[in-house]
Amino acid sequence: MSKNITKIVLTGGPAAGKTSLISRILKEFKQENGWRVITIPETATDLISGFGIKPFGNCLSMLAFQDFVIADQLHKEKLALEAAKLVPEDNILIIYDRALMDDKAYISDEEFASVLAKFDGRTEQSVLANYDAVLHLVTCAKGAEFAYNLGNTARTESLEYAREMDDRTLRSWQGHPNLKIIDNSVDFNDKIRRAMQEIYRLVGEPMPQAKKRKYLISMPDMEKFAEKYSAVAIDMMQTYLCDTTPDIERRVRQQKNGDDYLYFYNEKHLAADGSRWNTEKPISEKRYIRFLMEGDREFHPVFKTKYRFVYNTCRYEIDVYPFCTDKAVLFCYTGGDDAKIPEELEVLKDVTGDPMYKNKQFARTLTL
């Protein structure tokens, strides 16, 4: 069987939501379901933070800096493609956190063409042809200004600079035939949903239904149930962190992924107008361990096993907690109000929106 490799660039101005989108991609395209996601981190950031190579700070011009960036980017892209051919999975997503054309936003068109030509005579056309699609996530400095600096005290770019770089970045990629612009027209959660919709379209799969219902159910025989419905079991541990900002709730999650583990940092934001949205990004194991030192002692870590399965063309999840042997929580992701639930499951009550059945409440009480 030949490999299905899809190469997608995520780009945009500062504070656009790329890291949250990457986190969502890793959560939905699972190894257990036959997917492998290969991510290529932002090269300029790696060079600046990891090697200390940066423009102007050590007498290196922006033009000279692009030599380093492009060389490193091309090396990473070659390794990613080789890895895609070696891994056992047949369905592969290569996700680029920015890519070669982003460099054009920082130098003149003539300078960019000259730098590209140093690398085997590459042209803009040959570079663009290497990617299947480009998703330009518009900076929240355009249309969601209230969220621009929220939760990121290290952000130093002004709103005006963020808007300018968003425009310059979009112009750099405008020659790609499959460029999609994801703006801030609704809210952040909808922005991520629209981006995911484009990704599902690119890989030729239907996007899971977004409407979610939650039910308290009697504990089924999970071994038999999982076998019958080919349910995939994912072990998780969620830890709530001490709040550093009144309107932001922080937590980290460890999640089993095949034989490996993934780690995520999540923030729940509450805006002044009462709206809420989540941001999440994958983190290293080392950083995850550091975050654990910030754990809020008022809350227990929440362990659970999540069973994912498909029934009647809809996606379902059952969360099983070690502190409860007779009940579990069922999530139904459906397109309508009425969910068809497998006959083996006994629904005790609908708890959609009930704060008593949220993970944070479980972390307080360890009861279900």
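This is a predicted model: local features need pLDDT of at least 70, side-chain atom pairs count only at pLDDT 80 or more; totals for chains, interfaces and linings use all residues.

Reader: OK, and tryptophan 35, buried or exposed?

Author: Tryptophan 35 is buried, at a relative accessible area of 6%.

Reader: How many aromatic pairs are there?

Author: Rings of Phe, Tyr and Trp (its six-membered ring) pair if their centres lie within 6.5 Å; planes under 30 degrees apart are stacked, over 60 edge-to-face, and the rest tilted. That rule gives 16 aromatic pairs. In one of them, phenylalanine 29 and tryptophan 35 have ring centres 4.9 Å apart and planes at 80 degrees, so the pair is edge-to-face.

Reader: What about tyrosine 321 and phenylalanine 362, how do their rings sit?

Author: Their centres are 5.0 Å apart and the planes are at 70 degrees, so that pair is edge-to-face. It links distant parts of the chain, 41 residues apart: tyrosine 321 is in the loop between β12 (314-320) and β13 (327-334), and phenylalanine 362 is in helix α10 (residues 359-365). Helices (H or I, at least four residues) and strands (E, at least two) are DSSP runs, numbered from the N terminus.

Reader: Which residues form an aromatic cluster?

Author: Phe225, Tyr229, Phe309, Tyr311 and Tyr316 form one.

Reader: Switching to helices. At what angle do α1 and α7 pack?

Author: Helix α1 (residues 18-28) and helix α7 (residues 188-203) pack at about 55 degrees, with axes 10 Å apart. Axes are lines fitted to C-alpha atoms, for helices over the stretch in contact, and angles run from 0 to 180 degrees between N-to-C directions.

Reader: Which residues of α1 and α7 meet there?

Author: With contact meaning heavy atoms within 4.5 Å, Ser20, Leu21, Arg24, Ile25 and Glu28 in α1 meet Phe188, Ile192, Ala195, Met196, Ile199 and Tyr200 in α7.

Reader: And where do α2 and α3 come in?

Author: Helix α2 (residues 43-51) and helix α3 (residues 62-86) have axes that come within 9 Å and cross at roughly 115 degrees.

How values were computed:
Residues are numbered from 1 along each chain as its sequence is written. Side-chain values use heavy atoms; hydrogens and water are left out. Buried means under 20% relative accessible area, exposed over 50%, partly exposed in between (1.4 Å probe, protein chains only).
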